[in-house]
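Here is a briefing on one structure, grouped by topic. Please read it alongside the sequence and the coordinates.

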Amino acid sequence: MIDINLLRENPASIKASQVARGADESLVDLAASLAETKKTALQQFETLRAKQNAHGKLVAQAPKEEKAALVAQAQQLSADVKKAEAEANQADQELMVVLHKIENVVLDGVPAGGEENFVVIKEVGKKPEFDFEAKDHVALGELLDVIDIERGAKIAGSRFYFLKGMGARLELAMMQLALDQASEAGFTALITPTLVKPEIMQGTGFLGEHSAEVYYLPADELYLTGTSEVALAGYHSDEILDSLETPKRYAGWSTCYRREAGSHGKDTRGILRVHQFNKLEMFSYCKPEDAEAEHEKLLAWQEQMLQKCELPYRVIDVAAGDLGSSAAKKYDVEAWVPTQGDYRELTSTSNCTTFQARRLNTRYRDQDGKATIAATLNGTLATTRWLVAILENHQQADGSVLIPAALRPYMGGAEKISPVN
RNA sequence: GGAGACGUCGCAUAGUCCGGUCGAGUGCGCCUCACUGCUAAUGAGGUAGGGGCCUUAAAGCCCCUCGGAGGUUCAAAUCCUCUCGUCUCCGCCA
């Protein structure tokens, strides 16, 4: 949710942001006028309530014989108050509906436009050159007997898979490596619930434009989370943190579930786009003024992981129109996928500034002891999808795949995965 | 699955039966001051959050919040309903 003070003081900045996103800018003026209406209604209610409260004290203290008359007056007051209260509530609800539609104000420098208007910040690493016909991850998965897509489909349908043998170990190795790195950087590990209540799903903003993406269990009124960000963002909801002089950092591990509605026919081959996968997610709570620096740190940690996995990648600054509604700025790190001849997103890190924390009511004590809305950021440190890039980039002429050195200690020292016969 | 207890201002609790004098007492913790060679101890005071009015600011005043949502009432921490959470016992299962 945007800051209502900003709405009053600098509506132009919010409008400019909506325009850069290709979103509706008229919401801003509408919200501002609803805020005025609400304010007037609320003041009216408060004035009447003050009268009622004062009168109530008279009633309480009055001698018995005067009570009846005073109560009669009080009844009229009570009716007025109820009416004014209903009007104030109504105005507030109308405001909230519009306010929740306005997306986070994008940071200066974020490229305007849609998905294709991203800016490449850098390219790192050398793309592999094969003197043989490169196999895609599906073929490699089969050859090495590490990914079983056929049986995944048999038991759960399309976009499901088994990771098998060294494939399963490779994913766990990646997660372990990422968790070790995160722990060294001061992150607290958290294994999170993957089923959450409606209000948490709502609060993190995933029931907005992404609602079709989310699995829902009506019998229990619970949602399956598409990322541990949901649980991590909800972790400190309705809390006031003692201090954020140093950011509070969590590394959340969870399985993620996504319906992938609306992506029929897209990435149907292999495990690039699946209904269920694992992810290690970084999540930071910090002071708003530290958020941009923290964002750069999250990006740097992501790059470190890509480098440890010896993957060529590029970093892009995602355009305003392609940001989630909570994000004020987002970097994607994309790894080179040889058989696609293209970079594909492996990680994403978003600076949500105070937008997400405001809706979830997460605050901290600043140096004056005042409760202030925190900033939140998130970023991927490893996901199942990385296996695609690892397998394809490290494949050898004989069909084997070299395991990046950093992962070997987690795989019993194995140096490569060889085809089975 | 059955039975019951509880949810109050950082923590622990009082208040709920008998509605108004309760936005709320006490202890601990924390902050300030006094005393003290230092610490401890002692004494005095302060110590929830949000919104609004006013103001250069401070102060002050007003409204809302006693797990949450409704209801009864002139008036609800207190009565009623629902709901969420925690705990105990029994049963069942790992």
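**Briefing**

D29 counts as partly exposed because 14 C-beta neighbours lie inside 10 Å. The scale behind this uses C-beta atoms placed from the backbone: a residue is buried if 20 or more other C-beta atoms lie within 10 Å of its own, exposed if 12 or fewer, and partly exposed in between. This is a predicted model, in which local features need pLDDT of at least 70, side-chain atom pairs count only at pLDDT 80 or more, and totals for chains, interfaces and linings use all residues. Residues are numbered from 1 along each chain as its sequence is written, while chains are lettered from A and ligands numbered from 1 in the order in which they are written.

**Overall layout**

- Chain A has 12 helices and 18 strands; these are DSSP runs (helices H or I, at least four residues; strands E, at least two), numbered from the N terminus.
- Along the principal axes, the C-alpha atoms of chain A fill a box of roughly 100 × 45 × 45 Å.
- Chain A is divided into domain 1 (4–99) and domain 2 (115–417), with bounds from an automatic or database domain assignment.
- The centres of domain 1 and domain 2, taken over C-alpha atoms, are 43 Å apart.
- Of the 421 residues in chain A, 40% are buried.
- Among contacts in chain A between residues at least 6 apart in sequence, 72% join residues at least 24 apart; a contact means C-beta atoms, placed from the backbone, within 7 Å.

**Helix packing**

- Helix α2 (residues 11–21) packs against helix α3 (residues 26–61) at an angle of about 145°, and their axes are 8 Å apart.
- Axes are lines fitted to C-alpha atoms, for helices over the stretch in contact, and angles run from 0 to 180 degrees between N-to-C directions.
- P11, I14, K15 and Q18 of α2 meet L27, V28 and A32 of α3.
- D29 is also found in helix α3.
- D29 and I240 are 211 residues apart in sequence and 32 Å apart in space, C-alpha to C-alpha.

**Nonpolar core**

- The largest nonpolar core has 100 residues, of which M174, A178, A335 and L381 touch the most other members.
- Such a core is a set of buried Ala, Val, Leu, Ile, Met, Phe, Trp, Tyr and Cys residues joined through C-beta atoms within 7 Å.
- Helix α7 (residues 166–184) gives the most to this core, with 8 residues.
- Domain 1 (4–99) and domain 2 (115–417) each supply at least three residues to this core.
- Not counting residues up to four places away in sequence, L381 touches residues including A178, A251, W301 and M305.

**Around RNA strand B**

- There are 14 residues around RNA strand B, and A50, A60, A74, S78 and A371 come nearest; being near means a C-beta atom, placed from the backbone, within 6 Å of the strand.
- α3 gives the most to this surface, with 8 residues.
- α3 and α4 (64–99) each supply at least two residues.

**Loop aspartates**

- D238 sits in the loop between α9 (229–235) and β8 (239–241), and is exposed because 10 other C-beta atoms lie within 10 Å.
- D145 lies in the loop between α5 (137–143) and β2 (147–148), and has a positive phi of about 60° although it is not a glycine.
- D267 is found in the loop between β9 (248–257) and β10 (276–286), and its phi is also positive, near 45°.

How values were computed
Two residues are in contact if their C-beta atoms, placed from the backbone, lie within 7 Å.
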